Amino acid sequence: MLLALLASGMASAATAASAATAASGAAAGHDVLALDCAHVSAEDVAQRLAPLPAPRIILFQGSLTTTTMQSFGEFLIAMGYPDERIRQPRDGSLSQSSFGDSLPWAGMLAWYYENEGMMPVLVGHSQGGMMAIRILHELDGAFHGDISVRDPRTGEVLARTTIRDPATGDMRPVRGLKVDYAAAIATGKLPRILLGQWDMIAKLRRIPDTAVDFTGFSIPWDPIAGTFGDPEPYLATGTARVRNVVLASGTSHVGVPETVHLAGNAVTRMWIDAYSPDVNAQLPDVVGIDTANLLHAADIWFSVKQNWCRSAQRRSRAKAIN
């Protein structure tokens with residue numbers, strides 16, 4: 001009898017906990033619809049976005065194996081982004097190699113979108129920026145006619161080139177899928193020539209319609225990227241919204257991903273939380289405060305928050321309809 005009562009009590013507690021979780025998620029979903037995605041505060045991240053699913057973020061490192069996107073991934077996590085949405089499911093890494101073909105990555109983006117209901121974000125440094133842009137061209141059909149879906153958990157190529165679109169419920173090809181936000185940091189043409197990546201030279205500054213929003217960050221007089229004087233701007237080939245951000249001359253090409261320190265300092269974190277690309281705010285000038293890499297870290301975090309908010313709103317509306 002006692003065991004039965006205990007079991008009944010445990011079941012009731014589990015049911016109550018499940019109901020509370022569902023209610024919390026529903027409340028967060030309602031709250032997120034009221035958000036202005038152009039002005040997402042730190043409080044909004046912690047209280048309204050954190051309880052909800054977030055788009056995957058894939059961070060591509062450059063060609064130097066000693067320089068990774070580990071610090072940048074840690075920065076995003078410290079700012080409030082869900083850890084598990086940045087880590088690669090097969091090995092838990094935060095930083096991904098930019099060597100290899102874009103075809104597998106395009107197939108994995110399709111799998112994520114179909115199974116998680118949100119399109120991943122792409123951010124790349126140096127050659128990693130080239131890979132992010134290459135994936136956009138891959139989705140646009142520049143390199144292969146068909147793109148097979150690929151399971152990122154196992155690497156298995158699935159025997160189909162279509163997915164069920166979670167937004168509409170209809171079947172659609174992988175080719176033509178749009179990435180809501182992508183960014184490239186210190187990506188240049190000179191390394192493409194040196195590494196024999198000839199098929200990307202003409203495409204490197206052209207952003208196809210498979211990007212909704214794209215931001216390119218360039219460093220003037222960057223000898224590694226081959227940037228001399230004013231950087232060549234990124235341009236949309238069609239409907240993509242493209243922004244160009246020129247970083248301070250002298251910014252370290254190799255050190256540009258090192259950003260986790262910015263989330264741990266009260267001054268720089270406050271500046272990042274208040275940042276908007278529409279406001280020309282001066283960098284904080286405080287003795288002893290390291291502001292290296294602050295501008296692009298703040299700009300990418302702004303876009304990541306905005307995309308997270310928009311994706312959560314779309315998902316919430318789709319669930320309400322279905």
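1. Arg134 is in contact with Asp101, Ser102, Phe143, Asp199 and Met200, leaving aside its neighbours within four places in sequence. The model is a predicted one, and what follows describes that model. Arg134 itself belongs to helix 5, which covers residues 127–139.

2. Is Arg134 buried or exposed? Arg134 has a relative accessible area of 11%. Arg134 therefore counts as buried, because the term applies under 20% relative accessible area.

3. A second residue to look at is Leu235. Leu235 lies in strand 8, made up of residues 235–236. Its relative accessible area is 41%, so Leu235 is classed as partly exposed. That class lies between the buried cut-off of under 20% and the exposed cut-off of over 50%.

4. Which residues does Leu235 touch, not counting those up to four places away in sequence? They are Arg205, Arg206, Ile207 and Val242. For one of these, Arg206, the separation can be given in two ways: Leu235 and Arg206 are 29 residues apart in sequence, and their C-alpha atoms are 5.2 Å apart in space.

5. The largest pocket holds about 380 Å³ of space. It is lined by 19 residues, and those closest to its centre are Tyr113, Gly117, Pro166, Ala167 and Arg314.

6. Which element provides the largest share of the lining of the largest pocket? Helix 9 does, with five residues. Sorted by class, the lining of the largest pocket has nine charged, seven nonpolar and three polar residues.

7. The second largest pocket contains about 310 Å³ of space. Its lining also has a stated count, 19 residues, of which Asp213, Phe302, Ser303, Gln306 and Arg310 are the closest to the centre. Two or more residues of this lining come from each of strand 5 (179–185), strand 7 (211–218), strand 9 (241–246) and helix 9.

8. How many residues does helix 9 give to the lining of the second largest pocket? Helix 9 gives six residues, the most of any contributor. By class, the lining of the second largest pocket has seven charged, six polar and six nonpolar residues.

How values were computed. Residues are numbered from 1 along each chain as its sequence is written. This is a predicted model: local features need pLDDT of at least 70, side-chain atom pairs count only at pLDDT 80 or more; totals for chains, interfaces and linings use all residues. Side-chain values use heavy atoms; hydrogens and water are left out. Helices (H or I, at least four residues) and strands (E, at least two) are DSSP runs, numbered from the N terminus. Buried means under 20% relative accessible area, exposed over 50%, partly exposed in between (1.4 Å probe, protein chains only). Contact means heavy atoms within 4.5 Å. On a 1 Å grid over the protein atoms alone, a cavity is a set of points where a 1.4 Å probe fits but cannot get out, and a pocket is an open set with protein on both sides within 12 Å along at least five of seven lines; lining residues have an atom within 4 Å of a point. Grid points are joined across faces, edges and corners, and a volume is the space filled by probe spheres set on the points. Ala, Val, Leu, Ile, Met, Phe, Trp, Tyr, Cys and Pro count as nonpolar, Asp, Glu, Lys and Arg as charged, and the others, Gly among them, as polar.
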